[in-house]
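Me: I'd like to learn how to read a structure, one feature at a time. Please go slowly with me.

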Amino acid sequence: MKALLKQNIAKHISLSENEIEDFCNLFEQKLIPKKNFLLREGEICKFEGFVTKGLFRVYHIDKNGFEQILYFAIENWWITDIDSFTNEVPSQLFIEALEDSEVLVISKKDKEFAYANLPKIEKLFRVMTQKTHVALQRRMIDNLSKTAESRYIEFTERYPQLTQRLSNIQIAAYLGITNVFLSNIRKKIAVKK
């Protein structure tokens with residue numbers, strides 16, 4: 001369980017065996033059955049999580065009742081509502097398990113403890129935050145400048161492991177298009193092949 005977390009950390013920073021053990025011991029394992037929520041809109045997010053098994057979707061429901069998926073999280077990905085977690089305000093997001101899932105969570109208090117007692121951990125979260133900002137910026141530019149078809153093709157190429165685990169409805173919600181429009185895109189691509 002924690003082996004995956006240790007591998008993820010090692011990709012970003014170098015820690016001694018004691019430092020990595022101390023940090024990993026601050027996490028608590030949560031089992032989230034399919035269709036259950038790790039976080040609901042209106043709750044204050046009290047965790048940052050690391051997915052060790054399963055699949056989550058992080059989404060918002062707009063004033064018209066449409067689901068807007070910010071991102072999906074599979075094994076070896078981090079999840080949270082960073083606004084709610086950082087500012088201790090009610091979440092605008094839902095985090096739902098799309099499969100039976102397992103996640104390691106760290107509380108704000110324990111994260112602050114790690115910052116104070118394991119200084120390299122601040123670098124870990126800084127590096128991860130920068131990577132998240134890059135991904136978000138790229139997604140925003142893509143949504144503003146690319147067609148739905150090219151965004152779909154790039155999604156399937158960038159995340160082939162996700163494409164196989166998601167429904168067309170979920171992929172369409174992520175791309176910001178209707179399921180019917182996605183079906184038309186897929187037919188058009190199939191004809192080209």
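**Helix H4 and its neighbours**

Reply: Let's start with helix H4: its buried residues pack against helix H2 (17–24), strand E3 (48–53), helix H3 (82–87), strand E8 (101–106) and helix H5 (120–145). Packing here is contact, meaning heavy atoms within 4.5 Å. Helices (H or I, at least four residues) and strands (E, at least two) are DSSP runs, numbered from the N terminus. This is a predicted model, where local features need pLDDT of at least 70 and side-chain atom pairs count only at pLDDT 80 or more, while totals for chains, interfaces and linings use all residues. Residues are numbered from 1 along each chain as its sequence is written, and side-chain values use heavy atoms, with hydrogens and water left out.

Me: Which residues of H4 are buried?

Reply: An α-helix has 3.6 residues a turn, so residues three or four places apart point the same way. In H4 (residues 108–117), the buried ones are Lys111, Ala114 and Tyr115. Down the axis of H4, its buried residues fall within an arc of 100°, so they line one face of the helix; the arc is that of the directions from the helix axis to the C-beta atoms. Lys109 and Ala116 are exposed, on the face turned away from the buried side. Buried means under 20% relative accessible area and exposed over 50%, with partly exposed in between (1.4 Å probe, protein chains only).

Me: How many aromatic pairs does the structure hold?

Reply: A pair of aromatic rings is described by the distance of the centres and the angle of the planes. This structure holds 12 such pairs. Take Phe23 and Phe27: their ring centres are 5.1 Å apart and their planes at 90°, so the pair is edge-to-face. Tyr115 and Phe125 have centres 6.2 Å apart and planes at 75°, so that pair is edge-to-face as well. It links distant parts of the chain, since Tyr115 is in helix H4 and Phe125 in helix H5, 10 residues apart. For the cut-offs, rings of Phe, Tyr and Trp (its six-membered ring) pair if their centres lie within 6.5 Å; planes under 30 degrees apart count as stacked, over 60 as edge-to-face and the rest as tilted.

Me: Which residues do ring pairs link into a cluster?

Reply: Phe23, Phe27, Phe50, Trp78, Tyr115 and Phe125. Phe23 and Phe27 are both buried. Tyr115 counts as buried at 18% relative accessibility, and Phe125 does at 4%.

Me: Where does the charged end of Lys111 sit?

Reply: Over the ring of Phe125, 4.2 Å from its centre. Arg139 lies over the face of Tyr174, at 3.8 Å from the ring centre. A charge sits over a ring if NZ of Lys or CZ of Arg is within 6 Å of the ring centre and within 35 degrees of the ring normal.

Me: What order do the strands of the open sheet have?

Reply: Strands of a sheet pair through backbone hydrogen bonds, either parallel or antiparallel. Here 4 strands form an open sheet in the order E1-E8-E3-E6, with antiparallel pairing. Strand E1 (28–32) and E6 are the edges, each pairing on one side only. E3 pairs with E8 over 5 bridges, and 2 bridges join E3 to E6 (residues 78–79). Pairing needs at least two bridges found by DSSP between two strands. Phe50 has Leu104 as its bridge partner in E8 and Trp78 in E6. Of the 6 residues of E3, 5 are buried, so the strand is largely enclosed by the rest of the structure.
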